[in-house]
Amino acid sequence: MIKTDVIIIGAGPVGLFAVHQLGIKGLKAVVIDNLDKPGGQCIELYPDKPIYDIPAIPECTGKELTDKLLEQIKPFKTNFYFNERVDEIRQDKENWIVKTNKKNEFFSPNIIIAGGVGSFEPRKLSLKDAEKYEDRSLFYAVKNKEKFKNKNISIFGGGDSALDWALELSKYSKITLIHRRDEFRGAPHTLNEIKKLSEQDKLSIKKLYELESIEGDDNIQSIVIKNQDGKTEKIKTDIVLSFFGLIMKLGPIAEWGLNMDKKTISVNSDNFETNKKGIFAVGDICAYPGKLKLILSGFHEAALASVECFKRARPNEKYKFQFTTSSKEIQERLGVIKEKK
Ligand SMILES: Cc1cc2nc3c(=O)[nH]c(=O)nc-3n(C[C@H](O)[C@H](O)[C@H](O)COP(=O)(O)OP(=O)(O)OC[C@H]3O[C@@H](n4cnc5c(N)ncnc54)[C@H](O)[C@@H]3O)c2cc1C
């Protein structure tokens, strides 16, 4: 069981800034996210798009904002748990126990839910048989390239992920790239590279085809694809990689007994606590009168929630409001002045 002052669910911009607000108050946090990296919507949906309404930053992309937030919380040496979805929350007297789908357990008096629009999850193949091959020979993400070397790989999808991985894995494996439409949606440079490889017979492209069936025992041995005219084709395949985009699922959050308002969690706007003591909701996932789904609103919400987290994590200490410009204590925590001996 991992003990901490605060468990943050969600490593989007608001979850990251919550680490800062807790850190300057001397609180330790862990951050859990279902994605494989921090940044939430900023990284998953618009890494290269400019944002113009972050205070004091006239313009920055989703990726640049994420990088800056990570830099700002570096002094706190926070432990991140990626590729883990929080499934269960249960109470233990004044504390909470959080359990993930990887069976990790966390123990804390405070939970900050910064879950945005829910956890990002891959859109899965609808084929009945598909599930039994998952994580053995069917994958929705590439986590370790080594597993994909010297194989026959069928990649489904027409966007950046499918194209980028087709290019990368074609260096070591035989790739068939299958798309249900006639046009791919990718960066022009990537599309040119794919075209070149296909002309050199180093990669095979099947357009206007969809997956019809999977054949195999414990592992996949071949797949059958079908085009719109009903023509089928069997392809020798060891691994299927499917990139049909991400869906946002509120998922387990809806089952934690919190007061919900459609797909958001109702909070009070004094400290962003939910109907359960010690569980806070900030950022896009929270609802209160006048809520604006903006990053800057989430930052404010995280700041206020962190004060209440302090009171619960340090019941015997008095909370002191301090400015970062003048507080030696905060500056020591940030590592900008040496700690007292
Ligand atoms: C195209 C686009 C442009 C935008 N432009 C702007 C703009 O210019 N200015 C602005 O202020 N805002 C903008 N926004 C909105 C902004 O991105 C959101 O307000 C912001 O991302 C909310 O941050 P968050 O941290 O609350 O949630 P998110 O960024 O959604 O992050 C939530 C994270 O929680 C994780 N999560 C959820 N549930 C679980 C669970 N059970 N277990 C584990 N992890 C979980 C998710 O995987 C996700 O990574 C834009 C949004 C989009 C889509």
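Start with the whole chain in view: among contacts (heavy atoms within 4.5 Å) with a separation of 6 or more, 57% are between residues 24 or more positions apart. This is a predicted model, in which local features need pLDDT of at least 70 and side-chain atom pairs count only at pLDDT 80 or more, while totals for chains, interfaces and linings use all residues. Residues are numbered from 1 along each chain as its sequence is written, and side-chain values use heavy atoms, with hydrogens and water left out.

**The whole protein**

Colour by secondary structure and you will find eight helices and 24 strands. Helices here are DSSP runs of H or I with at least four residues, strands are runs of E with at least two, and both are numbered from the N terminus. Along the principal axes, the C-alpha atoms fill a box of roughly 70 × 45 × 40 Å. Of the 341 residues, 48% count as buried, meaning under 20% relative accessible area with a 1.4 Å probe and protein chains only; exposed is over 50%, and partly exposed lies in between.

**The ligand**

Next, select the ligand and the 32 residues around it; the nearest are Asp33, Gln41, Tyr46, Asp53 and Asp284. A residue belongs here if one of its heavy atoms lies within 4 Å. Zoom in on the polar contacts, which are pairs of N or O atoms within 3.5 Å; within protein, one must be able to donate a hydrogen and the other to accept it, and residues adjacent in sequence count only if both atoms are side-chain atoms. Backbone N or O atoms of proline 13 and valine 14 lie 3.5 Å and 3.1 Å from a ligand oxygen, respectively. For aspartate 33, a side-chain N or O atom is 2.6 Å from an oxygen of the ligand. On its own the ligand has 1000 Å² of accessible area, and the protein covers 87% of it. Helix 1 (13–23), helix 2 (40–44) and strand 11 (119–122) each give two or more residues to the shell.

**Helix 1**

Stay with helix 1, which gives the most to that shell, with three residues. Is helix 1 enclosed or open? Eleven of its eleven residues are buried, so helix 1 is largely enclosed by the rest of the structure. Among the buried ones are Phe17, His20 and Gln21.

**Threonine 66**

Now pick threonine 66 in helix 3 (residues 62–73). This threonine counts as buried because its relative accessibility is 4%. Beyond residues up to four places away in sequence, threonine 66 touches Leu16, Pro38, Gly39, Cys42 and Ile43.

**Asparagine 271**

Move on to asparagine 271, in the loop between strand 22 (264–266) and strand 23 (279–281). Its relative accessibility is 13%, so asparagine 271 counts as buried. What does its side chain reach? A polar atom there lies 3.0 Å from the backbone nitrogen of glutamate 273, and a polar contact of 3.4 Å links it to the side chain of glutamate 308. Neighbours within four places aside, asparagine 271 is in contact with Phe280, Leu304, Ala305 and Glu308.

**Serine 297**

For the last stop, select serine 297 in helix 7 (residues 295–313). Serine 297 is buried because its relative accessibility is 10%. Its contacts outside four places in sequence are Lys291 and Leu292.

Terms used
Accessible areas come from the Shrake-Rupley method with a 1.4 Å probe; for residues, only the protein chains shown count as cover.
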